[in-house]
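Please look over the model below before reading on. The paragraphs that follow go from the whole chain to single residues.

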Amino acid sequence: ISEVIIDCFKNDKNVIICGNGGSLCDAMHFAEEFTGRFRKDRKPLPVIALSDPSHMSCVGNDYGFEDIFSRGIQAYGKKGDIFMGLSTSGNSKNIIKANDVATQLGLTTILFLGKNGGQLLNNGMHEIIVPGITTDRIQEVHMTILHIIIECVEKELFPELYQG
């Protein structure tokens, strides 16, 4: 997954990530580690979490909660970009729909799932399934893996940060 994200950035493409509840917080955390900084100063990298409350309430009201992320993918996603969806159950209707739209638009899809993968199992190009039972433990493992991905991306794109 790190290599896929590295290639995305090398090709001037973007990563779009989303989740619900605590997973949305994890998505926002992942994005800010790239647009801000992780361990050391470097140029920002284009990762956006679909988390704008006005967008979410507008789309939720006008279209339905299951469309809040797919509309964001339609607005921002371009062929060659990456879509990352976080769902501890694998059954989040809005993540399922966003993944479907991302696939239709030619985005690379990466799914972070929990339990048995739910309905999203085998619907992403790349998947990480944490076979935990409780949401909190699944999210903790997801965040650990997300941090490892960030570190791997930084080490490849900014090796000077990790020398010495």
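Helices (H or I, at least four residues) and strands (E, at least two) are taken here as DSSP runs and numbered from the N terminus. On that basis the protein chain has six helices and five strands, and along the sequence their pattern is α-β-α-β-α-α-β-α-β-β-α. The model is predicted: local features need pLDDT of at least 70, side-chain atom pairs count only at pLDDT 80 or more, and totals for chains, interfaces and linings use all residues. Residues are numbered from 1 along each chain as its sequence is written, and side-chain values use heavy atoms, with hydrogens and water left out.

The overall dimensions come next. The C-alpha trace of the protein chain spans about 50 × 35 × 25 Å along its principal axes. The radius of gyration is taken over C-alpha atoms, and the globule rule is 2.2 Å times the number of residues to the power 0.38. For 164 residues a compact globule would have a value near 15 Å, and the protein chain agrees because its radius of gyration is 15 Å. A contact means heavy atoms within 4.5 Å. Of the contacts in the protein chain with a separation of 6 or more, 66% are accounted for by residues 24 or more positions apart.

For a residue, buried means under 20% relative accessible area, exposed means over 50%, and partly exposed lies in between (1.4 Å probe, protein chains only). Buried residues make up 46% of the 164 residues in the protein chain.

For charges, Lys and Arg count as positive and Asp and Glu as negative, while His and the chain ends are not counted. The place of a charge is NZ of Lys, CZ of Arg, CG of Asp or CD of Glu. The protein chain holds 15 positive and 20 negative charges, and their mean positions are 2 Å apart.

What of the cysteines? A disulfide is a covalent bond between the sulfur atoms of two cysteines. Here it is assigned to a pair of cysteine sulfur atoms within 2.5 Å, and by this rule the count comes to zero disulfides. Cys 25 is in no disulfide, and the nearest cysteine sulfur, that of Cys 18, is 13 Å away. Cys 152 is likewise in no disulfide; the nearest cysteine sulfur belongs to Cys 8 and is 16 Å away. Cys 152 counts as partly exposed because its relative accessibility is 36%.

Some single residues can now be placed. Asp 136 lies in helix α6 (residues 135-157) and is partly exposed, with a relative accessible area of 39%. Asp 136 and Ser 23 are 113 residues apart in sequence, but their C-alpha atoms are 9.7 Å apart in space.

Ser 92 sits in the loop between β3 (82-87) and α5 (93-105). It counts as buried because its relative accessibility is 17%. Leaving aside residues up to four places away in sequence, Ser 92 touches Asn 20 and Ser 87.

Two loop residues other than glycine have positive phi. Asp 12, in the loop between α1 (2-10) and β1 (15-19), has phi near 55°. With a relative accessible area of 71%, Asp 12 is exposed. Asn 122 is in the loop between β4 (108-114) and β5 (126-130), and its phi is about 70° although it is not a glycine. Asn 122 is also exposed, with a relative accessible area of 64%.
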